[in-house]
Structures are given as structure tokens and as C-alpha cells.
Amino acid sequence: MVKVSITAAHDGGNIEVISSGETVISGRTAKVTVILHIKPGKFRPGGNEEDDWRGGARRRGDVYTEFEKRSHSQYFSFRAFVSGLQTSSIGRVREVGSDGGIKFITVQYVIANAHSVSFPEAWPGSTVCYTSGSLDPCDDDAWRRNPTTSYVDGKLTWSHVHDTNGSTFFCYWPPYTYGRHLRLISDISTQISTRGSHCGRFNPVVESLGLSLEGREIECISIGNGKLIAWIQHRQHPGETMAEFFAEGFLHRLFGVDKDGELDEATEGVLDRYRFYIVPNMCPDGSVRGHLRTNSVGANLNREWATVSGREDYEAPTMRRSPEVYAVLSKMDETGCDFFLDVHGDEDIPYVFFSGAEKTPTWGDRLENLHGYFISCYQRVNSDVQKEIGYPPPDSMDDALKYMNVATNQISTRFNCLGLTLEMPYKDCETNPDPGRGFSIDRTKKLGANLVEALVDVHPYLRAGGEFWNAFSKEDKYVVPTDNYKEQGFVMLKKRFYSDVRPNDA
Ligand SMILES: [Zn+2]
């Protein structure tokens with residue numbers, strides 16, 4: 001008897017099974033349709049249970065976000081376990097001619113509530129990721145994309161032919177589990193404690209800046225002998241798992257992980273010029289829970305960097321609601337900051353792009369030129385980077401001032417420094433299309449590693465005086481980005497400054 005069982009109880013998992021159709025058998029093949037829901041964002045915690053779409057702790061999704069007055073959802077990750085296929089001793093399907101039984105089963109997966117997620121407009125062009133190459137998906141970087149993925153009538157559907165018994169994992173973007181996070185921290189600690197390791201002369205430190213509300217460490221890794229202070233933080237939005245793969249690529253290079261601790265010339269150069277503070281996961285609780293955007297009490301951390309005018313009722317950051325931000329901001333106030341990068345993923349736009357601190361009080365010729373030059377430096381070493389497509393900047397300082405609770409705006413203004421938000425695509429990346437893999441883990445890690453070269457190139461200017469930008473070439477100039485990335489068919493959103501500001505909110 002062929003059976004497909006779906007679970008999401010693993011680290012970072014998120015799905016619920018609504019129903020499973022009848023298995024239709026035809027000859028030696030079987031077909032079944034499975035109806036799924038992404039866990040709906042929970043309404044106010046402790047509120048009226050009637051308000052909660054599905055109630056019950058087992059069905060938690062993102063927690064209601066008090067600041068935005070809404071519940072988020074979109075991330076999903078689950079395991080489909082197939083049993084009962086007629087297979088040979090090596091686990092492969094037997095050739096026709098051996099004894100009967102079902103050889104393979106085609107499963108039509110349907111996420112029926114895809115229309116009610118945070119960014120439903122982002123589904124067209126998205127392809128579901130899957131892997132069945134490993135029993136442990138967190139050790140498998142060889143995820144593929146399912147090309148049958150489509151978004152029709154508010155439902156996200158794809159079909160997958162299972163031809164072996166065992167697990168296949170499906171997700172919106174590959175999980176970066178807490179187990180892998182701990183291994184990343186441990187790999188770095190091992191490099192530091194290895195006698196004679198190259199990183200040793202750059203004063204490396206692994207420390208915890210504090211605890212999350214569920215008691216996980218907010219680890220910060222610092223290294224470098226330079227005068228310039230660079231802060232790089234990742235995964236404020238826990239469902240943007242690519243952000244921590246980026247951190248892994250960058251950290252592995254800085255510490256010579258997988259290279260016997262050896263550091264290349266550019267890496268030694270960047271460590272002579274900067275001291276880095278790197279937070280690989282800002283929201284470990286939301287990560288383990290399989291949330292898209294919030295921590296365990298519903299805080300969207302990228303709205304927690306200040307109390308904003310007009311919303312004085314909502315104090316931020318606080319130890320009660322956003323200790324992750326509180327801890328990092330306190331440390332930043334101690335160290336200062338000359339360069340800030342906040343690493344994210346964007347559901348909609350199929351490009352790697354940067355969003356800056358445009359129109360904030362300190363934005364002007366200096367920051368604008370630094371912004372343009374930095375992206376050009378990055379682009380020269382990594383062809384996934386481009387500057388034409390991105391979020392259109394705000395029209396005025398008044399608009400920008402409404403978003404001083406966003407990390408990039410707050411830090412750039414607070415320290416009068418170059419601050420950027422990096423967004424990577426969930427979809428395939430149209431600068432270098434690869435439909436079979438999409439924007440993959442490998443490319444994400446490479447992008448992280450290439451931050452080294454971009455920072456070496458921009459360093460002379462970060463605190464330079466005078467009109468240093470007069471020496472920059474035309475290609476290095478700032479470009480006002482547009483999100484009108486399709487010549488035809490793409491409807492320009494009315495206004496979107498950030499990925500979580502939908503047209504009706506702006
Ligand atoms: Zn984000």
C-alpha cells in the first residue's frame with residue numbers, strides 16, 4: 001500500500017495538511033492530490049481564541065505584529081515521506097517484469113491558502129525547492145527547483161514524481177537550521193582555538209550579546225585589526241534563510257574554514273583595514289519556529305530600531321519585545337559604526353539588489369556616492385549584483401522619517417555612515433538565470449564571500465573628507481532603482497519602500 005505522509009515538526013518547518021485525496025492507481029503508477037496550508041499568522045497572542053484562524057499551539061505561525069497590526073506568513077518547509085513503493089534492494093524501482101506493485105507515485109501538492117500570505121503578488125515566477133538526496137536536509141546544499149510550480153486561482157501548486165521510498169523535502173527556500181547555526185559558530189571557534197591559525201593575529205572573538213526571548217544566544221563574531229568598524233547582520237526576518245547562508249560564505253572566508261585556516265591576500269587585506277562585528281542570526285526563535293518575519297512575540301525586528309514619530313505608543317527596541325535588537329544596538333553604540341550591512345531576502349524581485357538610506361537626514365552627496373560606488377565595486381567581483389532594479393526610494397525626507405525604525409535608516413543616520421540593506425531573491429536570479437536551481441545556496445555563499453573584495457575597494461572613502469567622489473567614473477555613480485523589472489505584464493506597485501510595506505500600507 002503506497003502512502004505519502006507529510007510533516008513539518010522539524011527545525012524551521014511550516015505547513016499543515018488540510019486533506020489528502022484518494023490515491024488513484026493506474027497500472028503500476030499512482031496519483032494523489034494533497035491540500036496544504038502555510039500556517040496562518042496567529043492573531044494577538046493570548047487574545048480571543050475565536051480571532052485565531054485555527055487556534056492551538058501546534059498550529060502556530062508568525063505571531064501577530066502589534067506595530068504593523070497584521071499577521072505575516074509565506075515561508076513553508078516540510079517533509080513528504082513515501083512508503084510502499086515496490087523497490088529493489090538498492091532502493092531503486094525494479095524494472096518492469098519483476099513482481100507487481102506500484103513503481104512510482106505522482107503527488108500534486110496544492111497550497112490552498114497561498115493567496116492569503118504576506119506577499120501573494122510574489123508567487124508568479126516562484127519555483128518550489130526540493131531535495132531527496134540526503135536524509136538531513138540541513139547538510140544538503142544541492143536543492144533543485146520544481147519547474148511545474150504555478151500560481152493559479154490563489155493556489156500554489158506543483159507536482160512531483162516520487163520514485164523511491166523515503167523523504168523528500170520541499171520548501172520556499174532551503175532551511176538554515178539551528179543545528180547548522182550551532183555548527184557555524186563551532187567551526188569558527190575551532191579555527192580560533194587552533195594553534196597557529198591565520199585568523200589568530202586578527203583578534204577574533206565569539207561572544208553572546210544577550211539572549212532571545214526563548215533563551216537562545218545572540219552570537220556576535222568579531223575579527224580584524226583595522227580602524228574602520230563594520231557591522232554585518234543577517235536574518236532579522238527568519239524566513240529569509242538565504243541571509244544566513246550569505247553569513248556562512250562570508251565567515252568561512254574570513255576564518256579560512258575548509259582551507260585549513262589559511263587566509264587569502266584580499267581577506268588579510270580586509271582584516272587589516274576593518275574590525276568586523278557579524279551577527280549571523282538576529283532572530284533564532286523565529287527561525288526554529290518556521291516564521292517568515294517575526295520573533296516569538298510577534299516583533300518584526302526590522303521595525304524595532306527606534307520609536308518613530310506618530311507611533312509613540314510603540315516603544316522600540318525593548319527587552320520585553322525585541323531584546324535581539326536591544327542587545328545589538330547597545331553593542332553598536334559602544335563600538336561605533338563606519339559601514340553597516342543588513343542582509344535579507346525579497347519574495348518578489350528576481351534580482352540581487354541593495355536598498356539604502358535614501359532621503360534620511362544624513363543622506364546627501366557623500367552617502368549617495370558611497371552607495372553607488374560600493375555597489376559598483378561589488379558588481380565588478382560578482383555578476384549577480386546590479387543597481388538598476390530595486391525598491392524605489394522614498395520621495396521626501398518626511399516619507400523616510402516614517403521608517404527610522406528600519407535598521408539601515410537608523411544606523412546610517414545614527415553613525416553618519418554608509419548603510420545598506422542587501423536583498424537576495426527567493427526566485428531565480430535574472431542576472432544569471434538557472435531555472436533548475438534558481439538562486440542557489442552556492443551562489444548565496446559566493447556572494448557572501450565576495451563582500452571581502454567590495455569592502456577592500458570602498459575602504460579609502462568611507463570616512464574620507466572632501467569631494468572624493470569627483471574621482472569616481474560614470475559607472476560608479478548612484479542609480480535611482482526601479483522595481484519595474486518586466487517590460488510587459490509587470491504592474492508597478494503604487495509605492496514600496498521596503499519589502500514589507502505593501503501598497504495599501506504605504
Ligand atoms: Zn527581510
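# Legends for close-up views of the predicted model

**View 1. Confidence along the chain of a predicted model.** For the protein the mean pLDDT is 90, with 88% of the residues reaching 70 or more. Residues 93–98 have a pLDDT below 50, and this stretch has nine contacts in the model beyond near neighbours in sequence. Residue numbers start from 1 along each chain as its sequence is written. Because this is a predicted model, local features need pLDDT of at least 70 and side-chain atom pairs count only at pLDDT 80 or more, while totals for chains, interfaces and linings use all residues.

**View 2. The open five-stranded sheet.** The strands of this sheet follow the order β1-β5-β11-β7-β8 with antiparallel pairing; strands (E, at least two residues) and helices (H or I, at least four) are DSSP runs numbered from the N terminus, and two strands pair if DSSP finds at least two bridges between them. The edges are held by β1 (3–7) and β8 (144–146), each of which has a single partner strand, so one side of each is left without a neighbour in the sheet. On average, neighbouring strands of this sheet are turned by 30° against each other, direction ignored, the axes being lines fitted to C-alpha atoms, for helices over the stretch in contact, with angles that run from 0 to 180 degrees between N-to-C directions.

**View 3. Bridge partners within the sheet.** Five bridges pair β1 with β5 (residues 77–83) in the antiparallel sense, and here Ser 5 stands opposite Phe 81 in β5. Strand β5 is in turn joined to β11 by six bridges, the two strands running antiparallel, with Phe 169 in β11 as the bridge partner of Arg 79. Strand β11 (residues 166–171) also pairs with β7 (residues 128–131), in the antiparallel sense over three bridges, where Thr 131 stands opposite Phe 169.

View 4. Among the buried residues of α9 are Arg 443, Lys 445 and Leu 447. The buried residues of this helix pack against α2 (242–255), β18 (418–425) and α10 (451–458).

**View 5. The largest nonpolar core and Leu 251.** This core, a set of buried Ala, Val, Leu, Ile, Met, Phe, Trp, Tyr and Cys residues joined through C-beta atoms within 7 Å, has 119 residues, of which Ala 230, Phe 246, Leu 251, Ile 278 and Phe 374 touch the most other members. Its largest share, nine residues, comes from α2. Leu 251 lies in helix α2 and counts as buried, with 26 C-beta neighbours inside 10 Å. Leaving aside residues up to four places away in sequence, Leu 251 touches Leu 184, Ile 188, Ile 221, Ile 278 and Pro 280. The C-alpha atoms of Leu 251 and Leu 184 are separated by 8.6 Å, although these residues are 67 residues apart along the chain.

Definitions and conventions:
pLDDT is the predictor's confidence in each residue, from 0 to 100. Two residues are in contact if their C-beta atoms, placed from the backbone, lie within 7 Å. A residue is buried if 20 or more other C-beta atoms lie within 10 Å of its own, exposed if 12 or fewer, and partly exposed in between; C-beta atoms are placed from the backbone.
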